[in-house]
Amino acid sequence: MATPLVETRNLKKYFKTGKGMLHAVEDVNLKIYPGKTLGVVGESGCGKSTLGRTILRLHQATSGEVLYNGENILQYKKKDMKKIHLNMQMVFQDPYSSLDPRMSVHNLIAEPVQVCGILKNKAEINEHVRDIMEMCGLPADHANLYPHELDGGLRQRVGLARAMAVSPKFIVCDEPVSALDVSIQAQILNLLMDLQEQRGLSYMFVTHDLCVVKHISDEIMVMYMGQTVEYAKTEELFAHPLHPYTRALLQAVPTIDLSQRNRERITLKGEVTSPIDPAPGCRFAPRCPYATERCRQDVPLKEVAPGHLVACCACSE
């Protein structure tokens, strides 16, 4: 069995608010193997992006472990994290706000190389930037342009090029195509997959678009209100979704198949649970049509089939 490149164990991230502690990430356990992609899906506010930032220590974890090559990086000091960040990078959702508008494309890509001290010779840096631009599909004559002179797809390519400039092994992709047109989305997704094949990259791909996550992911983790509710191989999850929340998400995906017009749909009703000091039990229970009193108690993830885990009383029996 291969060793995970990135693994979390009971990872938690709470934020202090005036009304109590906001439980953004609650006991999340995941494994991402070399050259593989884990898709993380769920509604806005479920903790997907916070999870990715906590793994990279852009947010400091409340408790738990984040293992990179088997070592808990939450115990690393700042100088040690600088080396880790050479191997762990992030591509942000909004390519415009994540790029310095005062820097040219060339300087944006060269900056991480200079900051990390990978190359110091100007000629070598210039050659490296040209290679990275070519790799990410950026025309050479765009080197002196600024972010406001580029369209969304090109700006996202610059964001990806900045991440690739330090030759990482793991990249958190935080909804990198959600702000792009559908045709441009396909180009960026294909670029990510080509880079993964060429460089052996591992991705954590955060999105709310199930069509996108099906296309790019090897495994999928479904999150609801900071908790993992289902975890499985991509083919298994789409073929046999078990948790009512997962099924509701899949049924909400538009389809052109006329035979699916009258399919049964799960209608979600009720109030969303407050993430501030939530009560024990399944946080989806107030909206679940199948909830029972047992759901008000702790509902751990259970393996119901090889590699298929679900946190649901009815599904795990």
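A residue counts as partly exposed when its relative accessible area falls between the buried class, under 20%, and the exposed class, over 50%. Keep that in mind as you click through this predicted model.

Start by selecting lysine 233, which has a relative accessible area of 46% and is therefore partly exposed. Lysine 233 sits in strand 10 (residues 227-233) and glutamate 219 in strand 9 (residues 219-224), so the bridge ties together parts 14 residues apart in sequence. Glutamate 219 counts as buried, because its relative accessibility is 15%.

Next, select arginine 283 and glutamate 26. Their salt bridge brings the closest N and O atoms to 2.5 Å. This pair links distant parts of the chain, 257 residues apart: arginine 283 is in the loop between helix 9 (244-251) and strand 11 (302-305), while glutamate 26 is in strand 2 (residues 20-32). Both arginine 283 and glutamate 26 are buried.

Glutamate 111 belongs to helix 3 (residues 105-115) and arginine 162 to helix 5 (residues 152-164), so parts 51 residues apart in sequence are tied together.

Then pick Glu7, Arg9 and Glu65, which are linked in a network of salt bridges. The whole structure has 8 salt bridges.

Finally, turn to the surface, where Glu124, Glu127, Asp131 and Glu134 gather in a patch of negative charge. Glutamate 127 is in helix 4 (residues 122-135), and its 45% relative accessibility makes glutamate 127 partly exposed.

Note on methods: Residues numbered from 1 in each chain as written. Predicted model: local features only at pLDDT ≥ 70, side-chain atom pairs only at ≥ 80, totals over all residues. Heavy atoms only, no water. Patch = residues over 30% accessible without salt bridge, like charges linked within 9 Å, V, L, I, M, F, W, Y side chains within 5 Å. Areas by Shrake-Rupley, 256 points an atom, 1.4 Å probe, with all protein chains shown as cover. Salt bridge = Lys/Arg side-chain N within 4 Å of Asp/Glu carboxyl O. Lys, Arg positive; Asp, Glu negative; His and termini not counted. Charge placed at Lys NZ, Arg CZ, Asp CG, Glu CD. Helix = DSSP H or I, 4+ residues; strand = E, 2+ residues; numbered from the N terminus. Buried < 20%, exposed > 50% of the residue type's maximum accessible area, 1.4 Å probe, protein only.
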